Amino acid sequence: MKKEDVISLHVRKSIDYIYENLHKNLSIKDIAEFFGLNPSYLSKLFLKETGTTIKDFVTNAKIRTAENMLKYSDFSYLDISLAMGFSSQSAFISTFRKVTGDTPGEYRKKYHEL
């Protein structure tokens, strides 16, 4: 999803905030509070304008960033999971597999470019 496709300033700023804080455990409440918005309002607006929930957007942004790290770096799975704000390496691996269909190890074997 490109920011340019989004209409409202609130959603554009939320997307920026998400990408700037991928290393954190982001919640709808955290994002809404940062902008002084009601979480329910932001949630509905975000879904309407992006077609996805904030939670799914955050997860996908973290996994897409992790894919790049697996592809273009030699960082360990633990380092990547910590950098993306996952509570543990196993939580990262589980989420990565749900989103991509591969474990981080399988993904790296397929696409690593170093």
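Along the sequence, the protein reads α-α-α-α-α-α-α. Its secondary structure comes to seven helices and zero strands. The model is predicted. Helix 4 gets a section of its own below.

**Overall build**
- The C-alpha trace spans about 40 × 25 × 20 Å along its principal axes.
- The protein has 114 residues, and 39% of them are buried.
- Take the contacts with a separation of 6 or more: 59% of them join residues 24 or more positions apart.

**Helix 4**
- Helix 4 covers residues 54–72, which is 19 residues.
- From first C-alpha to last, helix 4 reaches 27 Å. That is close to the 27 Å expected at 1.5 Å a residue.
- The buried residues of helix 4 include Ile54, Phe57, Val58, Ala61 and Ile63.
- Further along helix 4, Ala66, Met69 and Leu70 are buried too.
- Lys62 and Glu67 are also among the buried residues of helix 4.

**What covers helix 4**
- Helix 1 (9–20), helix 2 (28–34) and helix 3 (39–50) are among the elements that cover the buried residues of helix 4.
- The cover also includes helix 5 (77–83), helix 6 (89–100) and helix 7 (104–111).

**Surface and charge**
- The protein exposes about 6800 Å². Carbon and sulfur atoms supply 52% of that area.
- The protein carries 17 positive and 14 negative charges.
- The mean positions of the positive and negative charges lie 4 Å apart.

Technical notes. Residues numbered from 1 in each chain as written. Predicted model: local features only at pLDDT ≥ 70, side-chain atom pairs only at ≥ 80, totals over all residues. Heavy atoms only, no water. Helix = DSSP H or I, 4+ residues; strand = E, 2+ residues; numbered from the N terminus. Expected span 1.5 Å × (residues − 1). Buried < 20%, exposed > 50% of the residue type's maximum accessible area, 1.4 Å probe, protein only. Contact = heavy atoms within 4.5 Å. Areas by Shrake-Rupley, 256 points an atom, 1.4 Å probe, with all protein chains shown as cover. Lys, Arg positive; Asp, Glu negative; His and termini not counted. Charge placed at Lys NZ, Arg CZ, Asp CG, Glu CD.
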